[in-house]
Amino acid sequence: MRNTKTSAFRLTVALISCGELLQRIDAFNIASTNAIRKRSLLHRHVGISHIPDEFDLGQNAVSTEENLLFNTPSSTSTLSPFEAAFTKYAMISYISHLCIALPLMLLPTFLKNKVMMTLGLKTKSASEHEALQVSQKCASTMLKLIPFMNLEISSPHMLEQEGDEEPVPTIWVSNHVSNLDTFIFLSCDEQLRGKNRRPIKTIYWKGLDSNPICKLVFSMAGFIPIDMAANGSGHPNEYNKASFKNMLRETKQAITEGFDIFILPEGQLNPTPEAGLQPVFGSPFAIAKSSKRPIQMIGLFGCHHLWHADEDTGMKVVGRDVKVKVFPPCKKEFESAEEFIDAFNAVVGTFGASGQELSSEELDRWLA
């Protein structure tokens with residue numbers, strides 16, 4: 001009975017809040033837009049940024065500027081004002097609750113693993129993997145409780161990895177469209193990479209460590225920081241070379257320890273995904289070739305309809321539908337960074353722009 005009353009009370013509070021939110025929707029949007037215009041710590045979202053040409057692991061990490069973007073963000077909404085306001089309220093609620101839940105869930109893991117590592121009963125790598133799994137479970141559970149988006153995940157080929165089969169060590173690459181990307185990857189990693197997925201490490205902008213929640217999660221999971229200028233999306237990345245060399249060293253060590261590596265070849269948020277990708281860098285090709293690992297592509301679509309990379313748009317919600325597509329592993333060995341860039345633009349760029357994938361024949365031409 002107490003639980004029923006509590007649920008009813010929470011529902012009442014939510015409805016009242018949504019009613020107030022609808023009445024103040026204009027002021028709410030103006031205030032949030034002004035807040036987003038301030039330099040966000042999430043503008044260098046979790047994920048590896050591109051590797052400059054002078055640090056190409058012995059290969060040519062070239063870039064292309066064929067897809068420089070000039071279009072303005074789409075403002076066409078598929079939602080009513082009430083739906084947009086409610087979705088925005090729910091999204092902010094999800095992020096806020098997750099920031100509270102993560103430290104509470106990770107504290108017991110931290111204390112237990114610290115004792116076990118001190119006693120020599122657990123390795124650092126195993127502790128990092130467990131911390132990431134706890135974070136993923138927390139994000140997934142919170143999304144079930146606060147389903148602010150219609151998330152469609154497509155990863156049919158992962159069914160082939162069911163059972164006791166050990167997944168192949170892989171270099172994962174994805175487009176980067178929104179500040180929501182991290183939350184999506186955290187919450188649906190099992191659905192994307194399978195139940196028997198390998199431990200994974202992501203390289204992230206060190207500036208995110210100024211956020212205590214990010215620092216807690218990333219450090220416990222063993223994510224690899226890199227220091228670069230906070231110059232926002234649409235501008236070339238400026239790296240601290242000493243930090244970059246340290247990142248390379250830690251990346252090689254993670255590969256040696258059996259971790260998968262997650263890379264965002266665009267290196268920054270894409271403010272106009274409908275027009276294609278930002279300039280793509282070929283460093284994933286160099287990492288894959290040096291580690292003798294295949295590349296596997298992931299496509300994101302729709303996150304920007306909830307939280308846009310463009311500062312003037314920000315959290316102006318225009319849609320709830322989000323798609324995540326895991327493409328088949330690249331069976332072909334790319335002969336050059338340019339070949340990888342062309343394939344990434346064709347496969348992931350097409351999906352990120354429209355939410356539609358290439359035909360099976362075209363996919364085979366790029367990946368098989």
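Modeller: The largest cavity has 17 lining residues, and Phe185, Leu186, Ile200, Thr202 and Phe262 lie nearest its centre. The model is predicted, so local features need pLDDT of at least 70 and side-chain atom pairs pLDDT 80 or more, while totals for chains, interfaces and linings use all residues. Numbering runs from 1 along each chain as its sequence is written, and side-chain values use heavy atoms, without hydrogens and water.

Colleague: What makes a space a cavity, and what makes a residue part of its lining?

Modeller: On a 1 Å grid over the protein atoms alone, a cavity is a set of points where a 1.4 Å probe fits but cannot get out, and a lining residue has an atom within 4 Å of a point. By this rule there are three cavities of 30 Å³ or more. The largest holds about 230 Å³, a volume being the space filled by probe spheres set on the points.

Colleague: Why is Arg198 called buried?

Modeller: Arg198 has 12% relative accessibility, and buried means under 20% relative accessible area (1.4 Å probe, protein chains only). Arg198 therefore counts as buried.

Colleague: How do you know that the side chain of Arg198 makes a polar contact with the side chain of Asp260?

Modeller: The distance is 3.4 Å. A polar contact is a pair of N or O atoms within 3.5 Å, where within protein one must be able to donate a hydrogen and the other to accept it, and residues adjacent in sequence count only if both atoms are side-chain atoms. The pair Arg198 and Asp260 therefore counts as a polar contact.

Terms used. 1 Å grid on protein atoms, 1.4 Å probe; cavity = no way out; pocket = protein on both sides within 12 Å on 5 of 7 lines; lining within 4 Å. Buried < 20%, exposed > 50% of the residue type's maximum accessible area, 1.4 Å probe, protein only.
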